[in-house]
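Work through the exercises below with the sequence and the model in view. Each task is followed by a solution in steps.

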Amino acid sequence: MKPRSAIAALALALVAGPNAATSQERGCRSPDPVDTINEMFSAIVACWESPPGTAGMTLTLQFSIRRNGTLIGKPRATYSRLD
């Protein structure tokens with residue numbers, strides 16, 4: 001792993017409806033720092049709203065981040081099932 005970056009991959013199951021996020025440990029746009037992959041996942045899930053018409057779809061994204069949390073390059077879709 002490069003010292004100035006972290007590599008993360010997240011699989012987000014896109015489920016339609018307002019109750020799609022099952023982990024609400026963090027509030028959306030919480031100012032609290034994210035220190036682990038699990039905390040990053042919770043932060044994303046807290047703000048995620050499924051687009052209309054995406055029930056049953058799955059998407060896996062891979063991306064790299066700097067220590068300060070900014071993206072390195074563009075996220076890349078590594079898997080998708082778009083029914």
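**Exercise 1. Find the stretch over which pLDDT stays under 50, and decide how to read it.**

Step 1. The model is predicted, and its pLDDT stays under 50 over residues 1-24.
Step 2. For residues 1-24 the model still has 54 contacts beyond four places in sequence.
Step 3. Where pLDDT is low, predicted coordinates should not be read in detail.
Step 4. Compare the elements: confidence is lowest in strand 1, at a mean of 38, and highest in strand 3, at 94.
Step 5. For the chain, the mean pLDDT is 74, and 70% of the residues reach 70 or more.

**Exercise 2. List the secondary structure elements in order and describe the chain as a whole.**

Step 1. Read from the N terminus on, they run β-α-β-β.
Step 2. Turn to burial: 23% of the 83 residues count as buried.
Step 3. The accessible surface of the chain is about 6300 Å², and carbon and sulfur atoms hold 56% of that.
Step 4. Among contacts with a separation of 6 or more, 54% are between residues 24 or more positions apart.

**Exercise 3. Describe how strand 2 and strand 3 pair.**

Step 1. Locate the strands: strand 2 covers residues 57-66 and strand 3 covers residues 71-81.
Step 2. Their pairing is antiparallel and runs over seven bridges.
Step 3. Take Leu61 as an example: its bridge partner in strand 3 is Ala77.
Step 4. The hairpin of strand 2 and strand 3 has four residues between the strands. In this hairpin, Gly69 takes a positive phi near 95 degrees.
Step 5. When following a strand, keep one general point in mind: in a regular strand the side chains alternate between the two faces of the sheet.

**Exercise 4. Identify the disulfide, give its handedness, and state where its two cysteines lie.**

Step 1. The structure holds one disulfide. It joins Cys28 to Cys47, with an S to S distance of 2.1 Å.
Step 2. The torsion about the S-S bond of Cys28 and Cys47 is about 120 degrees, so this disulfide is right-handed.
Step 3. The pair links distant parts of the chain, 19 residues apart: Cys28 is in the loop between strand 1 (5-14) and helix 1, and Cys47 is in helix 1.
Step 4. Helix 1 itself spans residues 37-47.
Step 5. Cys28 has a relative accessible area of 44%, so Cys28 is partly exposed. Cys47 has 33%, so Cys47 is partly exposed too.

How values were computed:
Residues are numbered from 1 along each chain as its sequence is written. This is a predicted model: local features need pLDDT of at least 70, side-chain atom pairs count only at pLDDT 80 or more; totals for chains, interfaces and linings use all residues. Side-chain values use heavy atoms; hydrogens and water are left out. Two strands pair if DSSP finds at least two bridges between them. Helices (H or I, at least four residues) and strands (E, at least two) are DSSP runs, numbered from the N terminus. Buried means under 20% relative accessible area, exposed over 50%, partly exposed in between (1.4 Å probe, protein chains only). A disulfide is a pair of cysteine sulfur atoms within 2.5 Å. Contact means heavy atoms within 4.5 Å. Accessible areas come from the Shrake-Rupley method with a 1.4 Å probe; for residues, only the protein chains shown count as cover. pLDDT is the predictor's confidence in each residue, from 0 to 100.
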